[in-house]
Amino acid sequence: MIFFQLFFSFLRIGLFTFGGGLGMVALIQDEVVVRKGWMTAAEFTDILAVSEMTPGPVGINTATYAGYTAVLHAGYEPWAAVLGSVMASIAVIIFPATMMVLMLRFLQRHSGNSIIQQTLSILRVVVIGVIASAVLLLVGESSFGSIGMNRQFIVSLLIAVAVFALSVIPRVKGITLFNGKVTIHRPSPITLIIASGIIGAIVYGL
């Protein structure tokens, strides 16, 4: 039954997730697209885009929308799909929330322990890799279109590069000559999301 499969799949995802919401994305994609085939890669990319834009942790948002879509594609009514989204959301946070509560006091007491510090150092490297894999999931045909001199690929690539540059590269807003103060300004992520959406709607809507 889809509901039990959904619950235990996301329960397992929550158990083995390191790196927060972005680290969870790669595991969710592997489960719902590759292993279970509940949705296509393009549908998952759309779900991830909406999850990034809506309030709340991206991992839980992705689980919510993925649970809804999986049940809907299984042939159930929308009200049952809502139940699927609730089950996926609850399942994916059970283990992380429980482990966080149990480990918090332990880490506070033994934060100076050399073994604990070495373990956390290893986990930091693992987290970087998991988050990088989540980023690479989006660099595919479902997001950018087929590689080549076509409109979708070129526009998608230009938008991605521009948003990355505006998010990472600092720009000097102004210099106060009297005290040498330099003010660094970056565009708000909300502004970048809205601008990218408008450009995409205009270009792809032509």
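**Notebook: helices and a core**

I began with H1 and H4, which pack at an angle of about 155 degrees with their axes 10 Å apart. For the terms: helices are DSSP runs (H or I, at least four residues), numbered from the N terminus. Axes are lines fitted to C-alpha atoms, for helices over the stretch in contact, and angles run from 0 to 180 degrees between N-to-C directions. The angle makes H1 roughly antiparallel to H4, a label for angles over 145 degrees.

A note on what I am looking at: this is a predicted model, where local features need pLDDT of at least 70 and side-chain atom pairs count only at pLDDT 80 or more, while totals for chains, interfaces and linings use all residues. Residues are numbered from 1 along each chain as its sequence is written, and side-chain values use heavy atoms, with hydrogens and water left out.

Which residues of H1 and H4 meet? I found Ile-2, Phe-3, Leu-6 and Phe-10 of H1 against Ala-63, Ala-66, Gly-67, Ala-70 and Val-71 of H4. Contact here means heavy atoms within 4.5 Å.

Next I looked up the largest nonpolar core, which has 26 residues. Such a core is a set of buried Ala, Val, Leu, Ile, Met, Phe, Trp, Tyr and Cys residues joined through side-chain atoms within 4.5 Å, and buried means under 20% relative accessible area (1.4 Å probe, protein chains only). Leu-6, Phe-10 and Val-71 are among the residues with the most contacts inside this core, and so is Met-39. Helices H1, H2, H3, H4 and H5 each supply at least two of the core residues. The largest share, 6 residues, comes from H1. In soluble globular proteins, nonpolar side chains tend to be buried together.

I then followed Met-39. Leaving aside neighbours within four places in sequence, Met-39 is in contact with Val-32, Val-33, Phe-44, Ile-47, Ala-66, Thr-69, Ala-70 and His-73.

Is Ser-89 buried or exposed? Ser-89, in helix H5, is buried, with a relative accessible area of 12%. Beyond neighbours within four places in sequence, Ser-89 is in contact with Ile-60 and Thr-64.

My last stop was H8 (residues 151-168) and H9 (residues 189-204), which pack at about 165 degrees with axes 11 Å apart. H8 and H9 are therefore roughly antiparallel to each other. Their contact includes Val-155, Ile-159 and Val-163 of H8, and Leu-192, Ile-199 and Val-203 of H9.

How values were computed:
Buried means under 20% relative accessible area, exposed over 50%, partly exposed in between (1.4 Å probe, protein chains only). Angles under 35 degrees count as roughly parallel, over 145 as roughly antiparallel, 65 to 115 as roughly perpendicular and the rest as oblique.
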